Amino acid sequence: MSSAAPTKSATNSAIVTDYKARTQGSGALFERARKVLPSGITHDARYLDPYSIHVAKAKGPRKWDVDGNEYVDYFGGHGAMLLGHSHPAVIDAVKRQMDLGTHYGSSHELEVRWAELVCELIPSAEKVRFTASGTEASHMAIRLARAYTGKDKIVRFIGHFHGWHDNVAAGATSNYDGSSVPGVVQSVTDLSILMPTDDVGATVKLLESRDDIAAVMFEPSGASWGQVPLPPGFVQAIRDVTAKRGVVMLMDEVITGFRWSSGGAQKALGITPDLCILAKIVAGGLPGGAVAGKREILDQIDHAASAAKKRDKIAHPGTYNANPLSAAAAVTALSLVRDEDLAEKANKTAAELRAALRQVLIEESVPWGVYGDSSAFLIYPNPTGEDVNPATFDPLKLGFAKLKGAKSGALTGKIRMGLMSHGVDIMGAPGGFVSATHGGAEIEKTVHALRQTVRALKAEREVKAA
């Protein structure tokens, strides 16, 4: 590894200086990476100015970077690691499969068992089709909905993320006005109707007044796994109107699937969609995704069903669909999710964590908010200086523009670096995911890290006490 200085840029921030001093190996790797990778990264969520850490290993709720620093990990493989890192049973299953073959180009028993488990756990899953990622599942689900209904338009919600393909690019992380993102033609973007979530009545009225809508697609957690929560009654209202109007209700459970409960958000809410998409936990932390739902919708891919109805079948290839390694991990992980109440365990720990972090803000008189659902937590760092009391913080009172629409990149970056310097790694929301392996020791360490970080931010006048 090169010993070159990580960056040339100067800073007067003690937080940034301390971070760079602790992570010189990551800085050196970044210097190599940015010569061959755009921004030196392979996923936008890993971007951090001046650079992100490079991790060497992970186990349970912890991970270690190339400099030997240990972190309580709340990135959780972007939400995939409900079982924690390197779960022994999953590792053993993948190792066994490695000896048998990594890719047959043929059907195999594991893919059948995987599908059976998905159909057993997910209420809407009468049939399932595997993909290589959540984005692929999102793309396939929209195509299925259009073919099934014979209609073109997709209703989506501002800030809800469904992958990076052209149909869902605008309005997810930018271009909230419905304009196209670079590289996506406006005619494709115009096939989506972007709606706000603060008034479900507007969406109900839209669906009742139009006959060209194939599906309504949304995150049941609210935008970005709950960064902008949905108002009470929202999902039920969407279920009622879509059922009435013959519109496909398409629930994006890429993150909530098996996390909000063993049967996802749909089981937790008691509301069954027509279609759902899954990824992350569905493949046991390895690459993989799925579309699951009503038999008659999935039959758009079925050879015999399509022939019987004399219609064109939707083609669906995909080299790595249900590949044996992902299937081995998935069967083991989903069996554990079913049998050991892992979602419930993670949910309980996350609730304790949110309460403990909220108490830090109260004690330190920091006008931020801590919130979240299930095994997720989010920190609202109040970039626009709202009147916030951490003891009574209600994200629904702020709305989209302040929760997700407001940019706080520099402050969020300092929060993340401050926490990392005290052994805690979170995502850029800022927030993160709790696994079934997190416990009291991780909560204690996270509380200490947040307390030290907000004190450092006060010293740098980034935070003013309430």
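Visitor: Which backbone oxygen does the side chain of Ser52 reach?

Guide: In this predicted model, the side chain of Ser52 reaches the backbone oxygen of Arg46, at 3.2 Å.

Visitor: And where is Ser52 found?

Guide: Ser52 sits in the loop between helix 2 and strand 1.

Visitor: Is Ser52 buried or exposed?

Guide: Ser52 is buried, because its relative accessible area is 14% and the cut-off for buried is under 20%.

Visitor: What is Ser52 in contact with, leaving aside its neighbours within four places in sequence?

Guide: With those neighbours set aside, Ser52 is in contact with Tyr19, Ser26, Ile41 and Arg46. Arg46 is also the residue whose backbone oxygen the Ser52 side chain reaches.

Visitor: What about Pro50, where is that found?

Guide: Pro50 is found in the loop between helix 2 (24–36) and strand 1 (55–59).

Visitor: Which peptide bond has omega near -5°?

Guide: That is the bond from Ala429 to Pro430, and it is cis. Pro430 belongs to the loop between strand 13 and strand 14 (431–433).

Visitor: Which side chain does Asp425 join in a polar contact?

Guide: The side chain of Asp425 is joined to that of Lys63 by a polar contact of 2.7 Å. Not counting residues up to four places away in sequence, Asp425 touches Ile53, Lys63, Tyr71, Val72, Asp73, Tyr74, Phe75 and Met420.

Visitor: Let me change topic to helices. How do helix 5 and helix 14 cross?

Guide: Two packed helices are described by the angle between their axes and the distance between the axes. For helix 5 (residues 109–121) and helix 14 (residues 324–340), the axes come within 9 Å and cross at roughly 35°. The crossing of helix 5 and helix 14 is left-handed.

Visitor: Which residues make that contact?

Guide: Helix 5 contributes Leu110, Glu111, Arg113, Trp114, Leu117, Val118, Glu120 and Leu121. From helix 14 come Pro324, Ser326, Ala327, Ala328, Ala330, Val331, Leu334, Ser335 and Arg338.

Visitor: How do they divide into nonpolar, polar and charged?

Guide: The residues of the contact between helix 5 and helix 14 comprise 11 nonpolar, 2 polar and 4 charged.

Visitor: How many residues of helix 14 are buried?

Guide: Helix 14 is mostly covered, with 14 of its 17 residues buried. The span of helix 14 agrees with expectation: at 1.5 Å a residue, its 17 residues should span 24 Å, and the end C-alpha atoms are 24 Å apart. Just after helix 14, Asp341 takes a positive phi of about 50°.

Visitor: Now helix 6. What should its 16 residues span?

Guide: Helix 6 (residues 134–149) should span 22 Å at 1.5 Å a residue. The C-alpha atoms at the ends of helix 6 are 23 Å apart, which agrees.

Visitor: What happens at the start of helix 6?

Guide: There, a side-chain oxygen of Ser133 comes to within 3.5 Å of the backbone nitrogen of Thr135. Thr135 is one of the buried residues of helix 6, which also include Gly134, Ala137, Met140 and Leu144.

Visitor: What about Lys280 and its phi?

Guide: Lys280, a residue other than glycine, has a positive phi near 55°. Lys280 is in the loop between strand 9 (275–279) and strand 10 (289–293), and at 21% relative accessibility it counts as partly exposed.

Visitor: Last one: where is Gly246 found?

Guide: Gly246 is in the loop between helix 10 (234–245) and strand 8 (248–252). Gly246 counts as partly exposed, at 47% relative accessibility. Its C-alpha atom and that of Ile271, 25 residues apart along the chain, are separated by 16 Å.

Key. Residues are numbered from 1 along each chain as its sequence is written. This is a predicted model: local features need pLDDT of at least 70, side-chain atom pairs count only at pLDDT 80 or more; totals for chains, interfaces and linings use all residues. Side-chain values use heavy atoms; hydrogens and water are left out. Axes are lines fitted to C-alpha atoms, for helices over the stretch in contact, and angles run from 0 to 180 degrees between N-to-C directions. Helices (H or I, at least four residues) and strands (E, at least two) are DSSP runs, numbered from the N terminus. A crossing is left-handed if the near helix is turned anticlockwise from the far one by less than a right angle, and right-handed if clockwise. Contact means heavy atoms within 4.5 Å. Ala, Val, Leu, Ile, Met, Phe, Trp, Tyr, Cys and Pro count as nonpolar, Asp, Glu, Lys and Arg as charged, and the others, Gly among them, as polar. The expected span of a helix is 1.5 Å times one less than its number of residues. Buried means under 20% relative accessible area, exposed over 50%, partly exposed in between (1.4 Å probe, protein chains only). A polar contact is a pair of N or O atoms within 3.5 Å; within protein, one must be able to donate a hydrogen and the other to accept it, and residues adjacent in sequence count only if both atoms are side-chain atoms.
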